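Colleague: Hi! Could you walk me through this one?
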Number of protein chains: 4
Amino acid sequence: MRTGIWLMGARGSVATTSIVGALALRAGLTGPTGCVTELPELRGPALPAFADLVLGGHDVVATPLIKRAEALATAGVLPGRLVDALAGELAEVERALRPAPAGGTQADRAGAVERDLTDFRDRHGLDRVVVVNVCATEPAAVPHPAHADLVALRAALAGPDEVLPPSSLYAYAAFTAGCPYVDFTPSTGARLPALAALAAERGLPYAGHDGKTGETLVKSVLAPMFAMRHLAVRSWSGVNLLGGGDGANLADPAANAAKVASKQRVLGETLGYVPQGDTRIDHVEELGDFKTAWDLVTFAGFLGTGMRMEFTWHGCDSALAAPLVLDLARLTAAAHAAGRRGPLRELAFFFKDPLDAPTHSLAEQWALLRDLVAGLHRGGADGQPR
Amino acid sequence: MRTGIWLMGARGSVATTSIVGALALRAGLTGPTGCVTELPELRGPALPAFADLVLGGHDVVATPLIKRAEALATAGVLPGRLVDALAGELAEVERALRPAPAGGTQADRAGAVERDLTDFRDRHGLDRVVVVNVCATEPAAVPHPAHADLVALRAALAGPDEVLPPSSLYAYAAFTAGCPYVDFTPSTGARLPALAALAAERGLPYAGHDGKTGETLVKSVLAPMFAMRHLAVRSWSGVNLLGGGDGANLADPAANAAKVASKQRVLGETLGYVPQGDTRIDHVEELGDFKTAWDLVTFAGFLGTGMRMEFTWHGCDSALAAPLVLDLARLTAAAHAAGRRGPLRELAFFFKDPLDAPTHSLAEQWALLRDLVAGLHRGGADGQPR
Amino acid sequence: MRTGIWLMGARGSVATTSIVGALALRAGLTGPTGCVTELPELRGPALPAFADLVLGGHDVVATPLIKRAEALATAGVLPGRLVDALAGELAEVERALRPAPAGGTQADRAGAVERDLTDFRDRHGLDRVVVVNVCATEPAAVPHPAHADLVALRAALAGPDEVLPPSSLYAYAAFTAGCPYVDFTPSTGARLPALAALAAERGLPYAGHDGKTGETLVKSVLAPMFAMRHLAVRSWSGVNLLGGGDGANLADPAANAAKVASKQRVLGETLGYVPQGDTRIDHVEELGDFKTAWDLVTFAGFLGTGMRMEFTWHGCDSALAAPLVLDLARLTAAAHAAGRRGPLRELAFFFKDPLDAPTHSLAEQWALLRDLVAGLHRGGADGQPR
Amino acid sequence: MRTGIWLMGARGSVATTSIVGALALRAGLTGPTGCVTELPELRGPALPAFADLVLGGHDVVATPLIKRAEALATAGVLPGRLVDALAGELAEVERALRPAPAGGTQADRAGAVERDLTDFRDRHGLDRVVVVNVCATEPAAVPHPAHADLVALRAALAGPDEVLPPSSLYAYAAFTAGCPYVDFTPSTGARLPALAALAAERGLPYAGHDGKTGETLVKSVLAPMFAMRHLAVRSWSGVNLLGGGDGANLADPAANAAKVASKQRVLGETLGYVPQGDTRIDHVEELGDFKTAWDLVTFAGFLGTGMRMEFTWHGCDSALAAPLVLDLARLTAAAHAAGRRGPLRELAFFFKDPLDAPTHSLAEQWALLRDLVAGLHRGGADGQPR
């Protein structure tokens with residue numbers, strides 16, 4: 001099952017790490033640490049093998065991939081020896097990257113994306129291409145009446161207005177080209193009624209939103225712990241310090257707001273009430289691709305006794321996100337092959353703000369994922385877990 | 001279903017907090033924060049009501065309960081107003097406390113405990129009495145051939161040797177008196193083949209070991225998180241600073257070793273490998289009943305990138321343990337009423353080192369507990385979950 | 001040397017703690033922990049004794065002092081037994097409190113303050129009264145031409161405009177009444193040329209700004225440590241979580257900005273460069289009078305090796321500030337008695353943003369303070385350290 | 001002023017980093033971050049220039065220096081580009097390294113060390129050679145009567161017993177060869193009356209003990225902060241997790257004890273009392289040359305209110321120690337040139353357990369150092385600060 005992964009934002013840190021990692025896995029130069037789909041409970045024949053993955057993508061910048069990889073090696077995100085060893089393979093992926101379409105109407109740009117996707121599929125003889133959005137986070141989208149209706153949307157895209165935010169225009173183009181779509185960012189992506197209708201029309205699955213890589217991952221196990229022990233969380237405050245492109249982008253208040261809302265959602269939904277406190281995101285250039293998050297939780301136990309917990313998470317976002325990008329592409333490809341369509345709510349395990357939000361508890365999300373994958377490995381007419 | 005709770009170590013901090021809490025709940029003076037059995041998913045008719053609980057116990061010291069409660073109020077563990085409001089009820093419990101039997105052979109002392117238990121049950125018209133060990137942690141027990149055989153054990157107890165450690169002698173006496181037994185400490189308790197045989201002979205359930213109240217509770221959700229994300233934990237080091245009687249006792253290297261082994265077990269069993277690092281327990285008198293634990297976890301992500309997490313837990317052990325003591329007594333009473341016998345492995349949720357260790361993941365332990373309780377509430381011939 | 005301390009914001013947490021503490025010290029019910037002027041290196045005859053301190057003040061609210069003290073006892077800031085034992089003395093101070101003047105022109109209000117100060121001094125036969133501002137932090141003052149000139153200021157105050165912010169109007173009234181003035185907050189206070197001229201004209205000393213009680217105190221020893229070791233601080237980020245009235249007030253962005261600028265100043269001035277990173281102040285009601293600050297410092301050592309330090313400070317602001325209020329009043333009174341006039345730069349030890357900023361290193365500030373006090377104890381014609 | 005630095009333990013991490021750093025500074029390939037003697041307040045003509053430093057040393061192992069440097073580059077301690085650029089210079093230093101003498105009596109070995117030192121001085125035309133001990137920490141020395149008397153010591157060394165621990169035998173050899181001696185470790189070194197007599201006889205200065213690079217450095221500013229604010233420190237507990245050779249060595253309880261005593265001394269001497277709590281050192285191989293220390297401080301403020309502070313220090317010991325090794329060698333050389341003899345107590349700034357312990361406050365130690373260096377730069381007959 002030859003599977004393409006088309007990365008939007010293909011020269012960014014997450015994408016570059018995903019590409020180097022996929023190539024290293026294919027070449028047997030690294031182990032699958034961080035790849036959830038390689039755990040004994042999940043791996044199996046329904047998922048495309050690393051050897052069957054082909055990578056491509058779009059970006060608005062043109063920095064050569066090898067330069068980006070070398071910069072990540074200098075920053076301690078990638079081992080330098082891997083980048084050196086994979087120079088040839090990286091040059092090959094470089095040839096599969098295309099500039100993000102610009103100019104014309106949104107319909108023109110969507111058409112250009114569709115052509116790039118189709119060319120990629122044809123040239124490499126792929127069974128399918130999964131499109132994954134790993135671009136920088138967008139500001140919240142401006143509402144537009146055409147978001148609710150597919151016919152109106154098609155008409156509006158041909159006009160002069162910017163009807164859709166870029167992440168949604170991409171989802172539109174992906175679905176039109178017959179490709180499943182994964183949104184790894186908090187941007188709008190496929191979360192519009194008109195796009196859901198389009199995915200249904202084309203029989204395509206999609207997944208999202210906002211990869212859960214650090215502080216929120218920890219929250220999604222600690223919050224259920226407090227709930228299961230009937231401890232009353234009084235406040236939960238967090239601060240995220242991060243450098244790199246994502247940090248600079250999130251310093252923009254509009255993007256920040258989207259991300260912060262996504263990060264606090266787990267608390268209200270897991271605890272059944274919203275404790276005091278906020279989550280902050282601050283840009284500290286010098287931290288580079290590493291992120292430090294600090295959270296303070298105050299809680300009451302029996303007879304009201306006050307207690308507290310704090311944690312610090314020093315993670316490398318790209319190294320945490322990249323294997324999940326590969327996991328999501330493999331899972332979405334297998335779901336597509338099995339005939340699944342619509343939102344893949346069983347992939348909530350991977351997201352801060354999962355589609356249809358079946359649960360925010362990591363352990364329950366794990367059970368959903370395990371059952372989905374078991375169903376895929378068993379195969380069957382519709383690929384649904386049974 | 002009138003249920004007695006007989007506390008070994010009845011004048012200690014955990015026991016005193018359990019007693020004040022049970023009285024406060026019965027009087028409607030506090031809410032059930034920290035009581036797992038009062039969560040909507042678990043509460044129900046099979047569990048004895050707080051109004052039906054009667055408290056008693058043994059202790060080697062004679063400090064009046066009210067003095068211990070006042071000291072805990074001064075230390076910030078109990079609200080002073082509760083202690084004042086419950087002075088009458090505390091005096092009533094005081095009258096149900098007995099000195100721990102001393103002198104004579106171990107058989108003599110076991111006999112005295114049985115008589116105290118029987119008197120307590122008869123005087124208060126109780127359906128059953130659950131014995132809970134909340135004494136200070138013992139050193140590891142000295143092996144003895146009679147531990148393996150009930151007949152040999154009965155013979156040996158009548159001799160001059162100290163055949164059983166106190167926690168096990170208590171379990172022996174409890175079972176002989178027809179009482180279920182819960183070990184909230186890491187001491188040996190019922191974990192001897194001869195005692196398992198005795199419980200089987202008398203048709204009694206038992207539970208243990210070592211209440212999971214702080215650092216290990218957090219470990220039991222974080223370790224599965226790392227495992228589910230396929231992240232490689234390279235080291236996990238912890239230090240526990242605690243004052244109070246438990247701290248002083250654990251400063252004794254023999255007791256410390258038992259506790260530390262219990263605390264690290266969760267890692268090896270959840271991760272499938274043992275990371276580097278140790279857990280330390282140090283006594284710092286000034287911290288009193290509050291405990292501070294600090295853990296450092298270093299781990300590798302995709303392509304070997306090194307990352308780290310640390311957490312600090314500032315908890316009040318007595319306030320965390322006391323509601324679990326009540327939970328365990330209620331659950332064990334209900335299991336006994338339903339005809340359960342032998343080790344209650346479904347209570348692993350409450351313990352650092354659960355009997356039969358079905359799993360160390362808190363989420364999976366929760367599922368076991370929920371299923372057990374659902375079975376108890378449904379009733380049925382044998383009360384086994386189905 | 002009978003000395004009055006007149007507190008602006010006399011019913012706030014800091015003032016109430018100062019009052020209870022002063023009464024407890026006078027009554028011998030507590031020791032001088034936290035009182036810098038009681039260290040062996042500083043104490044001596046030039047400072048007014050605790051027995052010679054008389055307390056009074058203004059506030060815009062009217063909650064009885066005893067109620068405020070009881071609330072602080074419940075919150076764990078004050079020992080309840082002290083509040084009980086000092087009920088009579090607190091009632092006496094209550095009688096010395098006055099409502100903050102309202103209505104009329106600013107000149108009218110300044111006149112009312114002067115009369116209250118004069119009455120207080122006369123009624124209690126005081127040698128002098130030191131006015132200390134412990135009100136909530138004001139927004140940054142609106143500039144006005146009269147701030148630069150005393151004659152113009154007097155004229156403008158008689159008009160209808162709000163020429164001075166409240167802290168500065170108070171400084172104006174204090175100086176006019178012949179009283180030294182201490183600003184414990186980051187508000188403008190005496191920091192206007194016209195007020196400096198007034199203090200000079202009346203031969204009065206003054207001190208400020210912004211008591212250094214927690215995170216900034218720690219910064220003022222850590223930043224010099226990095227500087228003395230020639231380590232390059234790359235980023236210094238901080239977050240302050242606090243409840244209580246001060247927290248709510250600082251949630252107002254305008255007040256927050258003043259405070260944050262005050263908190264970061266120590267870094268640039270000690271290190272000689274400004275590292276990346278910001279300081280945040282967030283209001284978390286549930287934390288009450290306790291404050292949690294977390295700081296992350298990243299730094300480079302030899303050959304550019306990156307390292308990091310983080311600290312968490314869990315302090316009770318009122319308990320940290322109150323003894324400094326008493327210290328500052330005693331020191332300013334002694335300086336006044338010795339004939340000092342103008343800004344007391346040797347008191348930089350106590351402030352985040354000291355007048356004339358002689359240094360931001362705590363150790364150097366300590367040396368300045370020690371020399372000042374030695375000079376005061378030696379006495380002499382002008383009381384200047386020599 | 002051509003100055004030799006002779007490193008005992010010349011192939012260890014600290015020594016290798018010192019060598020690479022000195023070569024890089026000489027070649028203008030790096031800046032002086034971490035070098036205290038390059039601060040504007042201290043630098044000047046009395047100190048030997050980096051261009052005038054020549055490096056040599058002994059080691060018991062024979063791993064080539066370039067291999068050690070490459071390993072440190074892989075571990076993130078040294079920049080790989082520096083190691084590559086300095087390969088030629090490293091080979092030159094390699095030729096100046098000698099195996100640590102073995103076999104024969106201690107007098108024989110001391111004689112061999114003296115010959116190596118003299119050869120080194122002669123071959124390179126050096127004005128003087130400073131010997132610096134950067135070996136692994138020794139267990140506490142076994143007392144011997146000859147430690148108290150130089151004549152007895154000389155006699156005993158010629159016998160078959162191991163009279164002196166290695167660090168002290170080295171100090172003996174250094175002094176005999178006319179070389180000043182610096183002990184960067186907690187080992188005994190020159191701290192024996194017979195060796196003090198020898199240094200006096202030969203007119204040599206010496207310095208020590210135990211370079212202050214991480215947790216203790218922080219303690220030496222925080223403890224004075226608590227003292228200056230009259231806050232009562234109730235407990236101070238610390239844990240140090242470290243890998244590498246030093247970590248493995250300190251896992252040995254005997255060496256650990258020496259180090260721990262050295263680390264806690266600052267508290268008692270700065271505060272005037274010893275708070276509760278201990279310092280732990282644990283070996284965690286995976287942490288490599290980086291060390292994580294965590295400290296918890298509980299303290300009481302005004303009226304006894306309890307508060308707490310904790311800090312985590314993630315430092316690279318070699319990168320912190322190496323510039324101090326160069327600083328100490330330069331300062332000791334300059335002191336020797338100026339005629340100083342005996343213990344250099346003004347270098348307390350650099351040590352956990354300074355000779356003659358003039359003070360444990362970093363700020364006061366800084367003032368002593370600054371005055372010493374000013375005296376050296378001014379020159380004069382005896383080079384003493386005046």
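Modeller: Helices (H or I, at least four residues) and strands (E, at least two) are themselves DSSP runs, numbered from the N terminus. This is a predicted model, where local features need pLDDT of at least 70 and side-chain atom pairs pLDDT 80 or more, while totals for chains, interfaces and linings use all residues. Residues count from 1 along each chain as its sequence is written, with chains lettered from A and ligands numbered from 1 in the order written.

Colleague: Great. Which strand does β7(A) pair with in the antiparallel sense?
Modeller: That is β9 of chain A, residues 290-300, and the pairing runs over 10 bridges. As one example, A:L241 sits opposite A:T292 of β9(A).

Colleague: And which strand runs parallel to β7(A)?
Modeller: β8 of chain A, residues 279-283, is joined to β7(A) by 5 bridges. Here A:N240 faces A:I281 in β8(A).

Colleague: Zooming out a bit, what domains does chain A have?
Modeller: Domain 1 takes in 3-211 + 319-378, and domain 2 is 215-316. Those bounds come from an automatic or database domain assignment. Taken over C-alpha atoms, the centres of the two domains of chain A are 26 Å apart.

Colleague: Now the chains. How many residues of chain A are in contact with chain B?
Modeller: 48 residues of chain A are in contact with 48 residues of chain B. Contact means that the C-beta atoms of two residues, placed from the backbone, lie within 7 Å.

Colleague: Which parts of chain A supply that side?
Modeller: At least two residues each come from α1 (13-26), α9 (215-228), β10 (306-316), α12 (317-337) and α13 (362-378) of chain A. β10(A) has the largest share, with 10 residues. By class, this side of chain A has 32 nonpolar, 12 polar and 4 charged residues. In that scheme Ala, Val, Leu, Ile, Met, Phe, Trp, Tyr, Cys and Pro are nonpolar, Asp, Glu, Lys and Arg are charged, and the others, Gly among them, are polar.

Colleague: How many bridges join β10(A) to β10(B)?
Modeller: There are 7, and the two strands run antiparallel. A:R308, for instance, has B:H314 as its bridge partner in β10(B).

Colleague: What rotation takes chain A onto chain B?
Modeller: A rotation of 180° with 0.0 Å of shift along its axis, giving an RMSD of 0.0 Å. The C-alpha of chain A nearest that axis belongs to A:F311, at 2.0 Å. Superposition here is by least squares on C-alpha atoms of residues with pLDDT of at least 70 in both copies.

Colleague: And what about chain B on chain D?
Modeller: Chain B superposes on chain D by a rotation of 180° with 0.1 Å of shift along the axis, again with RMSD 0.0 Å. The two copies are thus related as by a two-fold rotation axis.

Colleague: Which elements of chain B touch chain D there?
Modeller: 20 residues of chain B are in contact with 20 of chain D. β7 (232-242), β8 (279-283), β9 (290-300) and β10 (306-316) of chain B each give two or more residues. The largest share, 5 residues, is from β7(B). This side of chain B has 6 nonpolar, 7 polar and 7 charged residues.

Colleague: How far apart are the nearest C-alpha atoms of chain B and chain C?
Modeller: They are 9 Å apart, and those two chains do not touch. Chain A and chain D make no contact either, with their closest C-alpha atoms 9 Å apart.

Colleague: Last topic, what do the buried residues of α13(C) pack against?
Modeller: In chain C they pack against α9 (215-228) and α12 (317-337), and in chain D against α9 (215-228) and α13 (362-378). Those buried residues include C:W366, C:L369 and C:V373. After α13(C) comes C:G379, with a positive phi near 70°.

Technical notes:
A residue is buried if 20 or more other C-beta atoms lie within 10 Å of its own, exposed if 12 or fewer, and partly exposed in between; C-beta atoms are placed from the backbone. Two strands pair if DSSP finds at least two bridges between them.
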